[in-house]
Amino acid sequence: AVPRGLGFVAASVVACCAVWAFPQLEQLALSERHWFEYLRLAMPQKGTPSLIVAESNEPEDVAFESIKQFKKRLSELSMAVKLNPAQARAQLRLATSFMTAFDHLQQSSDDPLSLSQLREAALAAQFESVADLREWLERAVGKNLKYLEAAGRHARRAVQLCPLQGQAYVILAELRFLDDLDPRQGSALLKQALLVRPQSAQVQLAVGRQQWLDGQIDESFESWRTAFHQDQSAQEQILTLLIGNVPAQLILDRLKPDLAALKRLESRYLNDQQPLPDYAVVARAYAEALRREITNPECDQPIDQLLAAASVYNRLQDAVEIEACLLRALEFDRTSFAARKMFGVFLLSQKRFAEASNHLNWCVRMSPQDRWLRGLAQQALAKNLRGPVDPAGLNRVQPATFENLAPERRERP
C-alpha cells in the first residue's frame, strides 16, 4: 500500500501541474482557432473566389478589397503567433506576410524601391558601419523598414524552432544586408536553404538569382529550370527577370518550357497586342508545341490544339501555316463547326471566295440564327459572283474571335 503522505505529495504535484498546464492548453487552443481562420482566409475552398471583388469592379475598389483581405489574414496570423510563439509554420508565414506588406507599401511610396533594388544599392554604397547603413535605410524607406525588421525576427524564430524550413533561410538571406555588410553571409544562408530544401521552387529561385548576380549564368539557369517546372508563381518571377534582358531563344533553350509555360510566355511577349522584339521566336515555338501535342496519346482535343496554333500563326501573318493547321483539323473531323468556320473566314481573308463560300454556307446551315455568319457567307458569294474586286475593305482575319471581320453592308438598290 502507498503511504498516505506519499499519496498526498503526488496529488499535490498533479494539482500544481494542472494549475500550470490548463492556462497553457487554453492559450494553445485559442491560437489554433486563429491559425485555422488564417488558413481559411489564405486558402479558400474550391469554387470560392480568393478575393471578394467589389460590386463596382473598379480598380480602386478591387485594390481596397485586396488590402482589406490581406489585413484580415495578417491579423489572424499575428494573434496565432502571439498565443503560440512556438509554432514554426506560423512564424514563417508571418515573416512572409511582412515581406509582402513591405513590397506593397513600397509600390505606393514616393521612392518605390523594391527589396532587391534596396539591397543592391546598400551593398554598392559600401557603408563604413552598420550604423551608417541603418541611417541611410531609414531615409530611403522610412517607416516601412519596420516590416523588414519584423520579417527578419520571425524568420529567425522559425529557423530556431524548425531548422528544416528552407524559405526561412531565403528570407534571412534577403534581409542579411540589414545587419551585416558582408555579402558572403547571404550566400551561406542560401546554401543552407538548398541543403534542407533542394527541391523547393522558392529556394531554387533565390539561389538562381544570387548566382545570376555573381555572374554564374549557367548555374543560375540550372537553378531556375528546376524552379520553373515546379511552381507557377516562381515561373512568373523568373520570366519577369529574364524577358527583355536575355534573348528569347536563350529562355527557350535553357528553361525548356512545356506547353502551358509556352502559352504564358507567348502571352507575355504579345504584350497586349504590342509584341516585344522576340515575339515571333516565342510564338513559333508555342505554335509548334501545339502541333506536336496532337501526337500525344493523352491529347483528347487535337482540333482545339490545331485551331489554337492557327490563331498564333495568324498573329504572325503566316498564311501557309494557318492553312496547314486548319486542313489538318478538318482531317480529324470534317464536321467540326469551329474548324470549318475558322477556315471559311480565313479563305475569305485570302480572297478565295469560292472556297470560302462553300465552308461558310455549310456553317450557316448548321447555325441558321447566326446573322454575322450569314452576312459573311453572303459576302463571299457576292464577291465570287462579281469576280476580282478591290479587297481594301477586307480586314485581316483573327481566327481566335472572328469579331473584326464583319460582313459588308449592302445598300438597297
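Me: How many aromatic pairs does a search of the whole structure find?
Reply: The search finds seven. The model is a predicted one.

Me: What makes Trp212 and Trp224 an aromatic pair, and why is it called tilted?
Reply: Take the distance and then the angle. The ring centres lie 5.5 Å apart, and the cut-off for a pair is 6.5 Å, so the two rings qualify. The planes make an angle of 35°. Stacked needs under 30 degrees and edge-to-face over 60, so this pair is tilted.

Me: Which parts of the chain does the pair of Trp212 and Trp224 tie together?
Reply: Trp212 belongs to helix 9 (residues 201-213) and Trp224 to helix 10 (residues 217-228), so the pair connects parts twelve residues apart in sequence.

Me: Is Trp224 buried or exposed, and how do you know?
Reply: Trp224 has a relative accessible area of 1%. Buried means under 20%, so Trp224 is buried.

Me: What is Trp212 called, and why?
Reply: Partly exposed. Its relative accessible area is 28%, which falls between the limits of 20% and 50%. Trp212 and Trp224 also form one aromatic cluster with Phe221.

Me: How many salt bridges does the structure hold?
Reply: There are 13.

Me: Why does the contact between Glu149 and Arg134 count as a salt bridge?
Reply: Their side chains meet with an N to O distance of 2.1 Å. The limit is 4 Å, so the pair counts.

Me: What makes Glu149 and Arg134 a link between distant parts of the chain?
Reply: Glu149 sits in helix 6 (residues 145-161) and Arg134 in helix 5 (residues 130-141). The two are 15 residues apart. Glu149 has 27% relative accessibility and therefore counts as partly exposed.

Me: How do you know that Glu236 and Arg268 form a salt bridge?
Reply: Their closest N and O atoms are 2.6 Å apart.

Me: Why are Glu236 and Arg268 placed in the class they are in?
Reply: Glu236 has 25% relative accessibility and Arg268 has 28%. Buried ends at 20% and exposed begins over 50%, so both values fall in between. Glu236 is partly exposed, and Arg268 is partly exposed.

Me: Which class does Arg328 fall in, and which Glu331?
Reply: Arg328, at 34%, is partly exposed. Glu331 is at 59%. Exposed means over 50%, so Glu331 is exposed.

Me: Which residues touch the most other members of the largest nonpolar core?
Reply: Ile251, Leu265 and Leu360 do, in a core of 61 residues. Helix 14 (residues 279-293) gives the most to this core, with eight residues.

Me: What is Leu360 in contact with, its neighbours within four places left aside?
Reply: Its contacts are Lys341, Gly344, Val345, Leu348, Leu373, Leu376, Ala377 and Ala380. A second, separate core has 50 residues, among them Ala101, Trp136, Leu148 and Ala151.

Me: How do helix 12 and helix 14 pack?
Reply: Helix 12 (residues 248-255) and helix 14 pack at an angle of about 35°, with axes 8 Å apart. Ala248, Gln249 and Leu252 in helix 12 meet Val281, Val282 and Ala285 in helix 14.

Me: What kinds of residue make up the contact of helix 12 with helix 14?
Reply: Five are nonpolar, one is polar and none is charged. Ala, Val and Leu count as nonpolar and Gln as polar, which gives this division.

Me: How many helices and strands does the protein chain have?
Reply: The chain has 19 helices and zero strands. Of its 413 residues, 40% are buried.

Methods: Residues are numbered from 1 along each chain as its sequence is written. This is a predicted model: local features need pLDDT of at least 70, side-chain atom pairs count only at pLDDT 80 or more; totals for chains, interfaces and linings use all residues. Side-chain values use heavy atoms; hydrogens and water are left out. Helices (H or I, at least four residues) and strands (E, at least two) are DSSP runs, numbered from the N terminus. Buried means under 20% relative accessible area, exposed over 50%, partly exposed in between (1.4 Å probe, protein chains only). Rings of Phe, Tyr and Trp (its six-membered ring) pair if their centres lie within 6.5 Å; planes under 30 degrees apart count as stacked, over 60 as edge-to-face and the rest as tilted. A nonpolar core is a set of buried Ala, Val, Leu, Ile, Met, Phe, Trp, Tyr and Cys residues joined through side-chain atoms within 4.5 Å. Contact means heavy atoms within 4.5 Å. Axes are lines fitted to C-alpha atoms, for helices over the stretch in contact, and angles run from 0 to 180 degrees between N-to-C directions.
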